[in-house]
Amino acid sequence: MTPTVYFVIPCYNEEEALPETVRQLTAKIESMRAQGLANENSRMLLVDDGSKDRTWQLVTQLNQDNPYVEGVKLAHNRGHQNALLCGLMTAMERCDCAISLDADLQDDVDALDEFVKKYLEGCDVVYGVRNKRDTDTWFKRTTAEGFYKVMKLLGVDVVFNHADYRLMSRRALEGLSEYKEVNLFLRGMVPLIGYRSDYVYYDRHQRVAGESKYPLKKMIALAIDGISSFSVKPLKLISNFGILVSVLSVFGLLYALVSYFAGWAVSGWTAIVCSIWLLGGLQMLCLGVVGGYIGKIYSEVKARPRYRVEEYLRKEETK
């Protein structure tokens, strides 16, 4: 049976990129239909994450002119992960599988055929994995690869060099819908669902237009969310560090007593000041880590809606 495939595309201020994105994905859907990889009800779902430019006006026009374009407008900006989740949950009831990708076409659309072929072979989740990072700057490449290694070290099950370019079957989407946390890190959540999975390797391209919506500040925030949402090892490290400092303090006290009674004691103003500053800074760092986890608990306990849909432009299905 030919599947209904949905392309889920979060959009934030993407008016420059959308026309070319829709053009290429329209051609891809028609190509997949010709190969029997997608049926006539397959769509691309554009999720406007509270854009400040003409993105939603473009989505509305494209919905009228293009038989494959559907649109969802969020009531306000909720961030990439929430917008992506909204798109996936919206598509869940209307598709056999959904593929999430970026609006800037950095994710290679030529790899989409392989995603669906692996789905037809029985995979519920197919991860898009970058072959290399030649298009990244040295700083971005180093920090990104370091992030994945740190996540693995902390015990978080993430796929190396995989962002949010992935296919999920309806069954996998239903599994994802059962995860209710407010602090989203989909790269860590999806592997927890289980089911059969596979990989598609691709080369990442340059943006077709516009500027990156993930500056360094947002990348760091996403990394912190990922670590604090899926690992408590930083808290354990703080406990271990506290034990280590306590043991060293005992040795320091013994040394001070021996020095005093042996007459070795000398003026130690510099050492005292340095130790106070060092321990004070480490205490502030540890309190910051603990505070970060408490902030996560605060957000989860309030359980506010992760997003709110203002408008949904859909196409009627072909019977």
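The dialogue below walks through several features of a predicted model.

Reader: In what order do the strands of the open sheet run, and which are the edge strands?
Author: Strands (E, at least two residues) and helices (H or I, at least four) are DSSP runs numbered from the N terminus, and two strands pair if DSSP finds at least two bridges between them. Here an open sheet of 8 strands has the order 7-5-6-4-1-2-3-8, with mixed pairing. Strand 7 and strand 8 (309-313) are the edge strands, each pairing on one side only. From one strand to the next the twist averages 20°.

Reader: In which sense does strand 6 pair with strand 4 and with strand 5?
Author: Strand 4 (residues 97-100) pairs with strand 6 in the antiparallel sense over 4 bridges, and Ser-100 stands opposite Arg-166 there. Strand 5 (residues 125-130) also pairs with strand 6 in the antiparallel sense over 4 bridges, with Val-126 opposite Leu-167. Strand 1 and strand 4, by contrast, pair in the parallel sense over 4 bridges, and Ser-100 in strand 4 is the bridge partner of Val-8.

Reader: Is strand 6 mostly covered or mostly open?
Author: A residue is called buried under 20% relative accessible area, exposed over 50% and partly exposed in between, using a 1.4 Å probe and protein chains only. By that reading strand 6 is mostly covered, with 7 of its 8 residues buried.

Reader: How many aromatic pairs does the structure hold?
Author: Rings of Phe, Tyr and Trp (its six-membered ring) pair if their centres lie within 6.5 Å, and planes under 30 degrees apart count as stacked, over 60 as edge-to-face and the rest as tilted. The structure holds 4 such pairs, among them the tilted pair of Phe-115 and Tyr-165, at 4.8 Å centre to centre with 50° between the planes. Phe-115 lies in helix 4 (residues 112-120) and Tyr-165 in strand 6 (residues 162-169), so this pair ties together parts that are 50 residues apart in sequence. The ring centres of Tyr-165 and Tyr-202 lie 5.0 Å apart with the planes at 90°, so that pair is edge-to-face. Since Tyr-202 belongs to strand 7 (residues 197-202) and Tyr-165 to strand 6, the parts tied together are 37 residues apart in sequence. Phe-115, Tyr-165 and Tyr-202 form one aromatic cluster; Phe-115 and Tyr-165 are both buried, and Tyr-202 is buried as well.

Reader: How do helix 1 and helix 2 pack?
Author: Axes are lines fitted to C-alpha atoms, for helices over the stretch in contact, and angles run from 0 to 180 degrees between N-to-C directions. Helix 1 (residues 18-35) and helix 2 (residues 55-65) pack at an angle of about 30°, with their axes 11 Å apart. Angles under 35 degrees count as roughly parallel, over 145 as roughly antiparallel, 65 to 115 as roughly perpendicular and the rest as oblique, and helix 1 and helix 2 are therefore roughly parallel to each other.

Reader: Where does Leu-105 lie, and is this residue buried or exposed?
Author: Leu-105 is found in the loop between strand 4 and helix 4, and is buried, with a relative accessible area of 5%. Leu-105 has a positive phi of about 65° although it is not a glycine.

How values were computed
Residues numbered from 1 in each chain as written. Predicted model: local features only at pLDDT ≥ 70, side-chain atom pairs only at ≥ 80, totals over all residues. Heavy atoms only, no water.
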